[in-house]
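Work through the exercises below with the sequence and the structure open. Each task is followed by a solution in steps.

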Amino acid sequence: MSRQFMKGCEAIAEAAVRAGCRFFAGYPITPQNEVPEYFARRMPEVGGAFVQGESEVASINMVYGAASTGTRSMTSSSSPGVALKSEGISYCASARIPMVYANVSRGGPGVGSIQPAQMDYLQATKASGNGGFQMMVLAPASVQEVVDLTYAAFDYADRDRNPVCLLVDGVIGTMMEPIELPDFKSDEEVDKMKEAKKSWACVGHRLDYPNRSWIEPGHWKTSDMQKANEDAAALYKSWEKDVQVEEYFVDDAEIVIAAYGISARTSKTAIDILRKEGIKAGMIRPITLNPFPHKSFENLDYSRVKAILDVEMSIPAQFINDVAVGVNNRCPIETCLCSGGNLMKRSTIIESVKKINAELGGK
Amino acid sequence: METNLCIAGFGGQGVMTIGKFLASATCDSTDKNVTFFPSYGAEQRGGTANCFVVISDEEIGAPLGDVMDDLIVLNDPSLQKFLNTVKPGGNLFINSSIVSGDIERDDVNVIKAPVTEIALVLGNSKVLNVIMLGVYVGYTEVVPPEVVWGTIEKKLGSKAKLLPLNREAFERGLAIGREYKNN
Amino acid sequence: MEKIYSRTKTIQEDKVSGFCPGCFHSTIIKLIGEVLEELNVVDKTACVLGIGCCGLHMDYIAYDNTTAPHGRATAVATGMKRANPETLVFTYQGDGDFAAIGLGESISAANRGENITVIFVNNGIYGMTGGQMAPTTLMGMKASTAPKGRIAKEHGYPMHMCEILNQLTAPAYLERTSCNTVANVIKTKKAIKKAFQNQLDGKGFSMVEIVSNCPTNWGVDPLASLDFIEEKMLVEYPLGVIRDK
């Protein structure tokens, strides 16, 4: 298949349609407007439905309804819009509704800046709503990865009956790159996937109380609620097998960069330059932020690794909290941060690594 | 080999189109890696607009480099804002019709093209970006001109009646770029 | 002996309703069930319940249902219906849900002319949470958050949802009914049937606003609540067909 030149946001939409997504609801917010715009054009071509909701709140709830029928469904937004969706996301997680949402994230709390940033790490991985639920969180670092992870996200969602979050930083969402698209799932395959969910889908069933479809976003009985929470916890634990991580020159690295998404991309070229100068830098890039590849950090040889450099477009640092779990105080963790909509510069990363190298080498 | 290009001007001048056409042409015609990254202000018109194109044989890291090999400026504020990002020996393409500020560097190659004036002579101010794209391709030969033209043709698809005008605009730009290159 | 009436099978046989004595919720859900059976659509029905006492139905009704976040029932129903048009989708919402927190979703779904049915139960007060003021609370009526009664200067005036939605072009059918008399119960059932039939006929947004009671939070016995409806509620909320196209 020949390569095409596509924008990250449009790639989300096309990959979703190819994965069998047949319902999308969303609301305008920069920098993800190309997602709903693309779906608005594309859905009628494939017999799917597109609705521009009156708000992010309405949109996520439309997705809650659509996904409750067993239809592969998604929504997208950007940081403040995702905050508005958090109640609906929590309902989907509690009711165990498979759906996918993309956060093409931007800077700062509040309305923030419309420029790209990585300020929603903790929100995405730890608390996208009330009640302590979790989702798989996927963090692409290229438009091709946007395609591949979006396509896979629907399978994860259906497998687990749980929402999946695509954390796509604003740079990846707005940049264009050559990509190859996956197969278009046929109408028969899409119907089959929906049919497979019919036992629980809220579409009408023969009158038979014990077997009615009852999509419960909560439970009156405390024992039922505890059971649901235990089931969910077991699901979250099962994700250890789904960890995806890229390790770059980790085998002999003395300084290991920890980064995800766009920061990891920039770090990679910084490492190439540093290595040419004889500085042994490497990188661990989580592709799944939840489940987090703690083992990659646990298993580093700390007799060789002198320091970790946490590179992220967030101030204060957020991703560092998960990095620290695996490192477990066995070496210092330094930070290289920017925020507010400025992109992490390669030169800043290089300087940070060199500074650490000089300090440690002097010991 | 990696080329970093920044294109900057007012919103509405077709800044993004230059970048997208060039990057798409690279994607269509080569095996190179290429990225296009836009940076908008909040305004739809009038505010500043700039975008970045990276073309490389290697895997591309950030979609905008710290240092630019080439800079295209379509207005004065962009010149002031981005001049210092150009590497020594880099190329600066300016819309000399309206960019009147002094170029306070003597270590860059300056290619001046009065693209606004030419566009008006051709009868449509909107084609100034296609002229500038021609200038850039004619000078750098980063992608073969015919490939770039093929992409323009494809993108204009539904507006076939605009093709002759755009062809003329592109050719005028190519000629200016080639002239600078050969001097 | 001939059996001339039996309980609708859409409510589980072994369940006893937990609604307060005299509350219309039990009546209304029974009427809905009877209509679904008469239209022979029980096996293709999905109900979206609002939050509040409405949501208690989840434990009694025997057909497919889910509970929407507070106020979002019409958005959830929109998604359900668009993704699966062959299902009969209706929302069941109180006045806090439909007219306060969900006002945006309610008006927007009506304005899009979504082919769904809304059963809007208006008793002028928040029931489940303990008698707080609603947008539909009558002037002077006491509520736990309006201890001196509703005052225009502080709280504004009661909201008339049928009339508000009647400003829009898209809705197909808007009717206000009550269950305070036998005759009104019969009219309510007729209205529900029409609102469902409209959806089956693809006519678009239909809503039945049912003026209801809350003996517990109104602080009156069930019979007195019927008088209150007749004398007070129906003066503010006159019954009738507001839109039928």
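**Exercise 1. The side of chain A that touches chain B**

Task: In this predicted model, find how many residues of chain A are in contact with chain B, and which elements of chain A supply them.

Solution. 
- Step 1. Count the residues on each side: 17 from chain A are in contact with 14 from chain B.
- Step 2. At least two residues each come from α7 (170-174), β9 (176-179), α10 (261-276) and α13 (346-361) of chain A.
- Step 3. Look for the largest share. α10(A) provides it, with four residues.
- Step 4. Sort the chain A side by class. It holds seven nonpolar, four polar and six charged residues.

**Exercise 2. Contacts among the chains**

Task: Which chains share the most contacts, and how far apart are the nearest C-alpha atoms of chain B and chain C?

Solution. 
- Step 1. Two pairs of chains are in contact, and of these chains A and C share the most contacts.
- Step 2. Chain B and chain C do not touch. Their nearest C-alpha atoms lie 27 Å apart.

**Exercise 3. The fold of chain B**

Solution. 
- Step 1. Count the elements: chain B has six helices and six strands.
- Step 2. Read them along the sequence.
- Step 3. Check the sequence separation of contacts. Among those in chain B between residues at least 6 apart in sequence, 59% join residues at least 24 apart.

**Exercise 4. Helices α1 and α4 of chain B**

Task: Is α1(B) parallel or oblique to α4(B), and which residues make the contact?

Solution. 
- Step 1. Two values are needed, because packed helices are described by the angle between their axes and the distance between the axes.
- Step 2. Helix α1 (residues 15-29) and helix α4 (residues 128-140) of chain B pack at about 45°, with axes 9 Å apart.
- Step 3. The angle therefore makes α1(B) oblique to α4(B).
- Step 4. The crossing of α1(B) and α4(B) is right-handed.
- Step 5. α1(B) contributes B:T17, B:I18, B:F21 and B:L22 to the contact, and α4(B) contributes B:N129, B:M132 and B:L133.
- Step 6. By class, the contact of α1(B) with α4(B) has five nonpolar and two polar residues, and no charged ones.

Notes
Residues are numbered from 1 along each chain as its sequence is written. Chains are lettered from A and ligands numbered from 1 in the order in which they are written. This is a predicted model: local features need pLDDT of at least 70, side-chain atom pairs count only at pLDDT 80 or more; totals for chains, interfaces and linings use all residues. Two residues are in contact if their C-beta atoms, placed from the backbone, lie within 7 Å. Axes are lines fitted to C-alpha atoms, for helices over the stretch in contact, and angles run from 0 to 180 degrees between N-to-C directions. Angles under 35 degrees count as roughly parallel, over 145 as roughly antiparallel, 65 to 115 as roughly perpendicular and the rest as oblique. A crossing is left-handed if the near helix is turned anticlockwise from the far one by less than a right angle, and right-handed if clockwise. Ala, Val, Leu, Ile, Met, Phe, Trp, Tyr, Cys and Pro count as nonpolar, Asp, Glu, Lys and Arg as charged, and the others, Gly among them, as polar.
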